[in-house]
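Subject: Structure handover

Hello,

Here is the structure I promised to pass on. Please open it first, then read the notes below it.

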Amino acid sequence: MKPSKRKRPWLRRLMLAALIVAAYPASVLTYTWSHVLQSPLPGGRHGPLDAYRHTLASAIVAYTLDARAVHLVNGVMERRGKRANTMDIHNNLIGAGIGSRATRFADIEPMVARRVASGCIDAASPDQTTWLPQSAWKEGFAW
């Protein structure tokens, strides 16, 4: 005898929760990449475009969830201790600050773009995005 759907409401709730959990990162990545792919910035990996990508994604997460979520992601994904990870953490924290201060979602991308426009190689200021020298840039957009 086949069990009816009514006898497993927990399974439906579990599937709905899994869908919601998967939808959030997908929406953040879709929005971020839609802007990254249109950006004229150079340096897809370890350059200004990489800084833009990290700053924008982190700003969205901080705006929609909380800046603490960005700190959690830094702890999980950027802990390898490489120079590029240090750069990513720096830019992620700048994005978290932008997202925390934004009053409207539409303000996030222009704020990030301005911050990246004022960034530089090996920026030491916690308010300035940073990237590696051009000799360290790698081909491609993604990790």
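**A salt bridge across the chain**

Arg83 and Asp122 join their side chains in a salt bridge, with 2.8 Å from N to O. This pair ties together distant parts of the chain. Arg83 sits in helix 4 (residues 83–101), while Asp122 sits in the loop between strand 1 (120–121) and strand 2. The two are 39 residues apart. Arg83 has a relative accessible area of 44%, so it counts as partly exposed. Asp122 is at 42% relative accessibility and is therefore partly exposed. Please keep in mind that this is a predicted model.

Most residues other than glycine have a negative phi.

**Other salt bridges**

How many salt bridges are there by the rule used here? The count comes to 4. Here are two more of them.

- Asp66 pairs with Arg68, and their closest N and O atoms are 2.8 Å apart. Asp66 is partly exposed because its relative accessibility is 29%. Arg68 has a relative accessible area of 64%, so it is exposed; the cut-off for that class is over 50%.
- Arg104 pairs with Asp107, again through side chains, at 2.8 Å from N to O. Arg104 is at 49% relative accessibility and so counts as partly exposed.

**The chain as a whole**

The protein chain has 5 helices and 2 strands. From the N terminus on, the order is α-α-α-α-α-β-β. The C-alpha atoms fill a box of roughly 65 × 35 × 30 Å along the principal axes.

Of the 143 residues in the protein chain, 38% are buried. Now take the contacts with a separation of 6 or more: 65% of them are between residues 24 or more positions apart. The chain exposes about 9,000 Å². Carbon and sulfur atoms supply 63% of that area.

Charge is next. The protein chain carries 19 positive and 9 negative side chains. The centres of the two sets lie 18 Å apart.

**Surface patches**

Which residues gather in a patch of positive charge on the surface? They are Arg79, Arg80, Lys82 and Lys138. Lys138 belongs to the segment after strand 2 (130–131). Its relative accessibility is 45%, so Lys138 counts as partly exposed.

There is also a nonpolar surface patch of about 380 Å². Leu72, Val73, Val76 and Met77 make it. Val73 is placed in helix 3 (residues 67–77). Val73 counts as partly exposed because its relative accessibility is 38%. Patch members need over 30% relative accessible area, so Val73 clears that cut-off.

Is Ser58 buried or exposed? Ser58 is buried, because its relative accessibility is 7% and the cut-off is under 20%. Ser58 is part of helix 2 (residues 48–64). Leaving aside residues up to four places away in sequence, Ser58 touches Val70, Asn92, Gly95 and Ala96. Asn92, Gly95 and Ala96 have numbers that fall within the range given for helix 4, residues 83–101. Val70 has a number within the range given for helix 3, residues 67–77.

His46 is the other one to check. This residue has a positive phi of about 80° although it is not a glycine. His46 lies in the loop between helix 1 (9–36) and helix 2. At 13% relative accessibility, His46 counts as buried, since buried means under 20%.

**If you have only a minute**

Start with these places in the viewer:

- Ser58 in helix 2, with its contacts including Val70 and Asn92;
- His46, for its positive phi.

Best wishes

Conventions
Residues are numbered from 1 along each chain as its sequence is written. This is a predicted model: local features need pLDDT of at least 70, side-chain atom pairs count only at pLDDT 80 or more; totals for chains, interfaces and linings use all residues. Side-chain values use heavy atoms; hydrogens and water are left out. Patches are made of residues with over 30% relative accessible area and no salt bridge: like charges are joined within 9 Å, nonpolar side chains (Val, Leu, Ile, Met, Phe, Trp, Tyr) within 5 Å. Accessible areas come from the Shrake-Rupley method with a 1.4 Å probe; for residues, only the protein chains shown count as cover. Lys and Arg count as positive and Asp and Glu as negative; His and the chain ends are not counted. The place of a charge is taken as NZ of Lys, CZ of Arg, CG of Asp or CD of Glu. Helices (H or I, at least four residues) and strands (E, at least two) are DSSP runs, numbered from the N terminus. Buried means under 20% relative accessible area, exposed over 50%, partly exposed in between (1.4 Å probe, protein chains only). Contact means heavy atoms within 4.5 Å.
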